[in-house]
There are 4 protein chains.
Amino acid sequence: MNNLNHLIQKILIFRQKRNWEKFHNPKNLAISLSIEANELLEKFQWLNEKESQEIIKNQNLKKEIEEEIADVFYYILLLSYDLKIDLEKAFKEKMKENEKKYPVKKAKGKALKYNKL
Amino acid sequence: MNNLNHLIQKILIFRQKRNWEKFHNPKNLAISLSIEANELLEKFQWLNEKESQEIIKNQNLKKEIEEEIADVFYYILLLSYDLKIDLEKAFKEKMKENEKKYPVKKAKGKALKYNKL
Amino acid sequence: MNNLNHLIQKILIFRQKRNWEKFHNPKNLAISLSIEANELLEKFQWLNEKESQEIIKNQNLKKEIEEEIADVFYYILLLSYDLKIDLEKAFKEKMKENEKKYPVKKAKGKALKYNKL
Amino acid sequence: MNNLNHLIQKILIFRQKRNWEKFHNPKNLAISLSIEANELLEKFQWLNEKESQEIIKNQNLKKEIEEEIADVFYYILLLSYDLKIDLEKAFKEKMKENEKKYPVKKAKGKALKYNKL
């Protein structure tokens, strides 16, 4: 996937210049991903459902959320690269599995895990 | 970004067929992201550093990790779409900020948060 | 705190019998805590606010939540023990700090972080 | 459990004075728990295993960790109270289940989930 490679290159150059490879074993990157996902979650913590829907109108909050989403994306790209995972391919395969795990007939309108359908 | 749009389209069709839009307010998607990031983290939980480096050789574990990474990617794509965030643009802007927050001279070889550099 | 010590003793015996000390460095225990907190969060993932309030009436779900809360508590107790932290004392000190960070006059009725009050 | 009740009372008074009950539905408290667990995890993020073992000697870091552990404990206590869960009882019951799920013979020296033993 050309575009993802292009983004991954940016991270690799950034990392190499700072000599950070030594900190980035896959376990540490997975930890970072969880931490960043929770910094993102914190932006939504006290919003009720209506407020959560209206974020788009709040330019400051939207900007903060963009930065946190970018951080999560950064670590997914980097972790995929270091583990030699083709992220786009992995995604497409998982979508095929999801099609099987959540057949439309059973899953329609229900927020249940596949093993409870 | 053509490729990301292409992936997002897959999710939107999947969601629409199952009538799941009603569950997917941004707050719930951010929760899902944290949960999936932790399912991914669980794959690394008891590995020591050396074992973490050697995941690539373990085909079964690598496959499990691919599926969890795909789940995280799914929710990032969907959350970005619902909040009208251009994920690629947000990422590039964040990388520019990171360049400023972590200047090579100060950050080289150090795993410190920018406010402790 | 006698009661907490009593609970910690249960964990230590359980761990020693299984020879698990070697896996339990503090970093790994902190990872476990995040994973368990997210297994707990998963129980609430798709509930709306009203449903979240009514959990108490759903005996099956309540039982599942109890088990996840117990898992989180397990790792807090164990991590505190391994780091020689007196959990009750740490809690009381933090409550004193919270009193200062969130003075009633400023914080009343507002869900804001102390640095935004 | 007298001691836990004593701690819970501190939180309830703190909350009531600030009129925060309205934000604290169980779903939001479970979110807070995950966020706090990840703030704790962040303290360990870049430590290697040896450094993780030596935290006790680093007074500043230990103090930071104490504060984060206290935050996690705060939300477990509060969530248990709001869901009318007896935390000590839930813990003891889970320990009994763990005894069954991880029999000494099978689990000794192995960091495997019960369903992989």
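Helices are DSSP runs of H or I of at least four residues, numbered from the N terminus. The model is predicted: local features need pLDDT of at least 70 and side-chain atom pairs count only at pLDDT 80 or more, whereas totals for chains, interfaces and linings use all residues. Residues are numbered from 1 along each chain as its sequence is written, and chains are lettered from A and ligands numbered from 1 in the order in which they are written.

Remain on this helix and select B:Leu87, B:Ala90 and B:Phe91, which are buried. Viewed down the helix axis, the buried residues of helix 5 of chain B fall within an arc of 95 degrees and so line one face of the helix; the arc is that of the directions from the helix axis to the C-beta atoms.

Next, display helix 4 (residues 59-82) of chain C with helix 5 (residues 87-101) of chain D. Their axes come within 8 Å and cross at roughly 90 degrees. Axes are lines fitted to C-alpha atoms, for helices over the stretch in contact, and angles run from 0 to 180 degrees between N-to-C directions. Helix 4 of chain C is therefore roughly perpendicular to helix 5 of chain D, a term for angles of 65 to 115 degrees.

To see the contact itself, select C:Glu66, C:Glu67, C:Ile69, C:Ala70, C:Asp71, C:Phe73 and C:Tyr74, which meet D:Leu87, D:Ala90, D:Phe91 and D:Lys94. Contact requires C-beta atoms, placed from the backbone, within 7 Å.

Centre the view on C:Glu66, in helix 4 of chain C. C:Glu66 counts as buried, with 21 C-beta neighbours inside 10 Å. Leaving aside residues up to four places away in sequence, C:Glu66 touches D:Ile85 and D:Ala90.

Finally, colour chains A and B: 57 residues of chain A are in contact with 57 residues of chain B. Helix 4 of chain A gives the most to the side of chain A that touches chain B, with 13 residues.

Methods: Two residues are in contact if their C-beta atoms, placed from the backbone, lie within 7 Å. Helices (H or I, at least four residues) and strands (E, at least two) are DSSP runs, numbered from the N terminus. A residue is buried if 20 or more other C-beta atoms lie within 10 Å of its own, exposed if 12 or fewer, and partly exposed in between; C-beta atoms are placed from the backbone. Angles under 35 degrees count as roughly parallel, over 145 as roughly antiparallel, 65 to 115 as roughly perpendicular and the rest as oblique.
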